[in-house]
Amino acid sequence: MGGSTGSSGGGMDGTTLEAMRTGLRGPVIAPEDSAYDEARSIYNAMIDRRPAAFVRCADAGDVMNAVDFVRDHGLELAVRGGGHSGPGLCLVDGGVTLDLSPMRWVRVDPVAKTAQVGGGSLLGDLDHAAHAFGLATPAGIMSTTGVGGLTLGGGHGHLTRKYGLTVDNLISADVVLADGSFVTASETSYPDLFWALRGGGGNFGIVTSFTYRLHPLHSVGVGITVWPVDHTREVLRWYREFLPQAPEDLNGFYAVLAVPPGPPFPEELHGHRMCAVVWCWTGDLALLDETLAVVNDAGRPAFHFTSPMPYPALQTMFDELIPKGLQWYWSGDFFDRITDEAVDIHLKYGENLPTDLSTMHLYPVDGAASRVGSFDTAWAYRDAVWSGVFAGIDPDPDNAGLIKQWCTDYREELHPYSMGGAYVNFIGPGEGQERVRATYRDHYDRLAEVKRTYDPHNLFHANQNIEPAHWPQGDA
């Protein structure tokens, strides 16, 4: 954690706890309460922290009051949306987690093609509500991810090549600031804050609702193509040339994986190490098979599946495979090319997956996302082609060291062939402030200025932290 919280001392005794409960609508959960262990369980079971209290905020008023209370009592503060944070940034030992999960609601305007979404909502909530009107917006690849953390980090997913990043489709955000005030940030209202929120993470305030632009979309063409892992060289050399020049209606993320048990995969492939591409086609569904016939150019696949399906069905495809409660360690990097040296590294680590759930993904972030100006949002890698994530995953705590080592070694060996920074939501625990700076490139100093304006004492520091810029000498 960087910087200062603006107060010293403080703590959570019985009197403080009761005072907090009196001032809030939502429940306040303490360690002695029966709901405590459930409240502190998050997506990544490798994280084991014990906050002094959880505040389940019922509405924006609760968030405002809780921020005032935590700040004035000198307490540590963390914010939980969907609880998907790999490093567990939504929990802080001995402090207070503001849990937005009661604020799960979506209001779609089908005429304006917009959706206003509560800060505690999950992607599945947004996908479901928008789908009823034949609409969608690009946001992630799993329905269990929280909209808040994903959006504030930038947000990419199956629709990114076609419709850009999640923040490229963000119209406005309702924000509770460090002084407890409530503002709505947009291109015309608090534009500096709005700029920073689009990729700068949770550094600037607590977003109680997001308003997104939606796009006409009902069903998509889905494809899953897998090749034996020893075909990695041929597949990746084909993929790196094919995808960037493919129509933007076609998105395909590359993966190394062990084939999971169950449909649509044939039993004889279950557990085998493979390289794969997961496709999403937003064009004419009648052209799906013709469009994906090119996969044979990379060599005959071991398995190739295509099917039209409702967009929310694609978004839920991986939910049961990697549910809440597994051991996770992840890290990431941006790439503008896939060199021959990088191909060899992907082969090496793909052949040596430490567990059946461990994986590496390369998500395309070109196409529509690349046409947004590099200084238009806090997202600093508009020239990237792929956002890579290295994820060690397993249910067994005894394998925690194994999956962390595989993930760390993979990223470190591949890092010299990266662009230097990572998607902020893929930065792993303990990677250091230099990784945060590398993520924001030349935007970092501007972000630090915005931080000084809206959170000068760094109340919001349980995140990939951007410290407030120092005041010029002589200024208060």
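Predicted model: local features only at pLDDT ≥ 70, side-chain atom pairs only at ≥ 80, totals over all residues.
Residues are numbered from 1 along each chain as its sequence is written, and side-chain values use heavy atoms, with hydrogens and water left out.

Okay, the cavity. By that I mean a set of points on a 1 Å grid over the protein atoms alone where a 1.4 Å probe fits but cannot get out, and lining residues have an atom within 4 Å of a point. The largest cavity contains about 60 Å³ of space, the volume being what's filled by probe spheres set on the points, which are joined across faces, edges and corners. Its lining includes Gly153, Gly199, Phe334, Trp379, Tyr423 and Tyr440. Sorted by type, the lining has nine nonpolar residues, three polar and no charged. Here Ala, Val, Leu, Ile, Met, Phe, Trp, Tyr, Cys and Pro are nonpolar, Asp, Glu, Lys and Arg are charged, and the others, Gly among them, are polar.

Now, helix packing. Helices here are DSSP runs (H or I, at least four residues; strands are E, at least two), numbered from the N terminus. Axes are lines fitted to C-alpha atoms, for helices over the stretch in contact, with angles from 0 to 180 degrees between N-to-C directions.

Tyr440 turns up again in α13 (residues 433–440), which packs on α14 (residues 444–454) at about 105°, axes 8 Å apart. That makes α13 roughly perpendicular to α14, since 65 to 115 degrees counts as perpendicular, under 35 as roughly parallel, over 145 as roughly antiparallel and the rest as oblique. On the α13 side the contact uses Gln433, Val436, Arg437 and Tyr440; α14 brings Tyr444, Asp445 and Leu447. Contact means heavy atoms within 4.5 Å. Those residues split into four nonpolar, one polar and two charged.

The other pair is α11 (residues 340–351) and α12 (residues 400–414): their axes come within 10 Å and cross at roughly 170°. So α11 is roughly antiparallel to α12. Among the residues meeting there are Ile345 and Tyr349 in α11, and Trp406 and Leu414 in α12.

Proline 263 and proline 264 are joined by a cis peptide bond, omega about 5°, and proline 264 sits in the loop between β13 (250–258) and β14 (273–281). Lysine 113 isn't a glycine, yet has a positive phi of about 60°.

Terms used
1 Å grid on protein atoms, 1.4 Å probe; cavity = no way out; pocket = protein on both sides within 12 Å on 5 of 7 lines; lining within 4 Å.
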